[in-house]
Each structure stands twice: as C-alpha cells, then as structure tokens.
Amino acid sequence: MSSKRSSRYRRAKLRHLLFTVGPNRLTGGRLLDRHHAAGIVTRRIEIECPLWPRAFDGIRIAHISDFHIGDLLPMEKAMAVVEQLANERPDMICNTGDVIDLDCIDVGPLFRALQAIEPPLGNYLVLGNHDELDDPDRLRNIATASGITVLDDSTIRVVRNGDELTVGGIEWARTPQACRSRLDRTVGPDGVDLLLSHNPKAFDHAGELGIPLVLSGHTHGGQIARKDRPDANLAIAHRRSAGLYEHGDSRLFVTVGVGAWFPIRMNCPAEVAILTIRSAPAG
Ligand SMILES: [Fe+2]
C-alpha cells in the first residue's frame with residue numbers, strides 16, 4: 001500500500017464517503033445490504049464480427065469488468081461470480097479492469113480461482129482507473145503470480161492448431177487522445193485481433209485501425225438507465241456506454257460490469273457477459 005496517497009485516491013475516497021458510506025449509514029445499513037443481495041446476471045451475446053479470424057469463429061469469451069472489490073463488492077460475492085463463469089466453460093477470460101475499488105487488498109484468491117477455470121485460450125487483464133488509485137504494481141504482481149496475463153500496452157499471440165490470434169491491451173487512458181497514444185504504442189504492424197481497453201473511448205482510434213473487436217468496461221452502463229433503453233443512462237460522458245457498437249467493420253462491446261461505485265442499480269443489472277464471436281461477412 002502506498003504511504004502517500006495521491007490526490008486522485010483522496011477524491012475517490014471522498015466520493016465513496018458521500019455516495020456510499022454516508023447514505024448507507026442514513027439507511028441503517030440497509031442500502032448496502034440490499035445492494036449486496038442483488039444478483040449478477042449472465043448475459044449471453046453473439047457478436048457478428050466481419051474482421052474476426054475465421055480459424056477462431058465461434059470462440060466463447062467470458063468478459064468481466066469493474067468488480068470494484070471493497071465495501072461495495074466483498075470478496076465472497078466476487079468469488080461467487082467465478083463459479084458462475086466456470087459453469088460456462090469459456091475459451092478465454094477477459095477482465096477489463098477496475099478489479100479494486102479503492103484500497104489494493106489481496107485479490108489473489110479471486111485471480112487464482114479465475115485461472116483454475118483453465119480457459120484454453122488464456123486469461124487476460126487490463127487495469128482500470130480505480131486499479132491505479134492505490135498500488136497498481138502490487139495488483140499487477142498478484143495477477144501475474146496467479147498466472148493471469150496482464151496486458152499493459154502489450155500484445156500476445158495465442159496459437160491454436162497452428163492458427164494465431166493476437167490479443168492486445170492498453171492501460172488506463174482518460175481521453176480519446178490518450179487512448180490513441182497508447183494504442184499507437186501497442187499495436188504493431190501486424191495489428192491486433194482483440195483489444196482490451198478499460199475505457200471504451202479507445203474505440204474511436206481502434207475503429208480507424210480496423211481492429212476487429214474491442215472489449216471495454218468503465219461506464220457501469222451508468223448504473224441507472226431508462227427502462228428498455230440500456231444506452232440511455234447516467235454515463236453521459238460516454239457515447240458508447242452499454243452493449244454493442246460498430247465503426248465500419250470493427251465492433252465494440254461495453255459491459256455494464258460486475259460491481260458498482262455507488263450502491264444503486266436501476267434497469268441496469270450487474271452482469272458477466274458470455275460472448276460468442278462469429279466471423280461474419282462484411283457489410
Ligand atoms: Fe469501474
């Protein structure tokens with residue numbers, strides 16, 4: 001744990017006091033009790049992805065994001081999510097960050113349980129903005145020691161039956177411009193097939209680069225959305241805040257996430273996403 005807290009950490013702590021700890025005390029603890037009792041849905045989606053390598057047609061990716069482990073999501077509830085995933089037998093697990101809410105506690109048991117699922121095409125993590133508040137190096141080390149591949153502006157080639165799939169991931173970047181710089185640093189001349197980015201704003205440039213599929217989180221789908229309109233929500237700083245988006249032949253999926261940063265979700269249930277990726281004809 002860092003000895004000197006950053007101003008970002010202090011601001012996040014203040015938000016946590018204002019939006020979670022305070023309101024929870026006012027309700028005599030019922031707010032968090034109710035939030036903890038809410039279920040996490042398994043959302044199954046088939047994504048037609050024109051640029052997706054045909055050799056990997058039909059693979060199933062478990063996309064998880066935004067656990068925000070801490071007061072809002074205790075470790076026991078995070079571990080229950082792993083059981084939910086294990087039953088799906090995914091080919092690959094992609095975690096798009098914000099594992100930690102504030103303080104970097106030991107999330108080794110979660111990572112080891114995710115790795116015990118043994119997805120044949122790998123288990124990947126990119127860090128989110130909350131992961132950077134306290135001790136991102138510790139979090140990276142815990143993940144790596146658990147066998148999870150941390151993609152920190154880096155790529156990896158996955159080989160199956162002689163066919164290759166390149167998976168890349170960028171670290172947290174707040175603006176589209178910052179995402180662009182990280183992407184340009186990460187994506188080599190051969191490109192990437194699958195990009196993990198906590199921030200969906202990376203899709204502006206990823207689409208220009210013709211990246212077949214981008215997976216993101218960060219928005220939590222606003223946590224409060226209009227009924228039957230998941231994309232009409234409180235995440236007003238994001239054009240792409242929940243679900244599937246297109247840019248030419250590139251595709252983006254934004255999950256509304258497992259956790260929360262305040263203890264209310266309306267018309268926007270917490271989720272784990274099971275994505276089946278189909279190589280589809282362009283246009
Ligand atoms: Fe988050």
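Modeller: A quick term before we start: donors are N, O and S atoms within 2.8 Å of the metal, or 3.2 Å for Na, K and Ca, and water is not among the atoms, so sites may look incomplete. Also, keep in mind that this is a predicted model.

Biologist: Thanks! Then what spacing do the donors of the iron ion follow along the chain?

Modeller: The pattern reads D-x1-H-x29-D-x121-H.

Biologist: Nice. Which residues are the protein donors, and how far from the iron ion do they lie?

Modeller: D66 and D98 each give an OD atom, while H68 and H220 each give NE2. They lie 2.0 to 2.3 Å from the iron ion.

Biologist: And are D66 and H68 buried or exposed?

Modeller: Both D66 and H68 are buried.

Biologist: What about the angles that the donor atoms subtend around the iron ion?

Modeller: The 4 donor atoms subtend angles of 87 to 170 degrees, and that makes the arrangement irregular. For reference, the ideal angle for four tetrahedral donors is 109.5 degrees.

Biologist: Okay, new topic: pockets. What is the volume of space in the largest pocket, and which residues lie nearest its centre?

Modeller: The largest pocket holds about 830 Å³ of space. Its lining has 28 residues, and R15, N129, H130, W172 and H218 are the ones nearest the centre.

Biologist: How does that lining divide into nonpolar, polar and charged residues?

Modeller: The lining of the largest pocket divides into 12 polar, 9 nonpolar and 7 charged residues.

Biologist: And the second largest pocket, what volume does that have?

Modeller: The second largest pocket has about 230 Å³. Of the 18 residues lining the second largest pocket, R34, H35, A38, I264 and R265 are the closest to its centre. By class, that lining comes out as 11 nonpolar, 4 polar and 3 charged residues.

Biologist: How many cavities of 30 Å³ or more does a search of the whole structure find?

Modeller: The search turns up 1 cavity of that size. The space in the largest cavity is about 70 Å³.

Biologist: Which residues line the largest cavity?

Modeller: The lining consists of A12, R15, H16, D101, L102, H130 and W261. Sorted by class, the cavity lining has 3 nonpolar, 2 polar and 2 charged residues.

Biologist: Is H218 buried or exposed?

Modeller: H218 has a relative accessible area of 17%, under the 20% cut-off, so it counts as buried.

Biologist: Then where is E118 found, and what is its phi?

Modeller: E118 is in the loop between α4 (108-116) and β4. Its phi is positive too, at about 55 degrees, although E118 is not a glycine. E118 counts as exposed, because its relative accessibility is 64%.

Biologist: One more loop residue: where does D134 lie?

Modeller: D134 lies in the loop between β4 (123-125) and α5 (136-145). With 5% relative accessibility, D134 counts as buried. D134 is also 7.2 Å from R5, C-alpha to C-alpha, although the two are 129 residues apart in sequence.

Biologist: Last topic, the sheet. What is the order of the strands in the open sheet of 6 strands?

Modeller: The order is β1-β14-β2-β3-β4-β5, and the pairing is mixed. β1 and β5 (149-150) are the edge strands, each pairing on one side only.

Biologist: How many residues of strand β14 are buried?

Modeller: In β14 (residues 271-278), 7 of the 8 residues are buried, so the strand is largely enclosed by the rest of the structure.

How values were computed: Residues numbered from 1 in each chain as written. Predicted model: local features only at pLDDT ≥ 70, side-chain atom pairs only at ≥ 80, totals over all residues. Heavy atoms only, no water. Tetrahedral: all angles 85-135°; square planar, octahedral: opposite > 155°, others 65-115°. Buried < 20%, exposed > 50% of the residue type's maximum accessible area, 1.4 Å probe, protein only. 1 Å grid on protein atoms, 1.4 Å probe; cavity = no way out; pocket = protein on both sides within 12 Å on 5 of 7 lines; lining within 4 Å. Points joined across faces, edges and corners; volume = space filled by probe spheres on them. Nonpolar A, V, L, I, M, F, W, Y, C, P; charged D, E, K, R; others polar. Helix = DSSP H or I, 4+ residues; strand = E, 2+ residues; numbered from the N terminus. Pairing = 2+ DSSP bridges.
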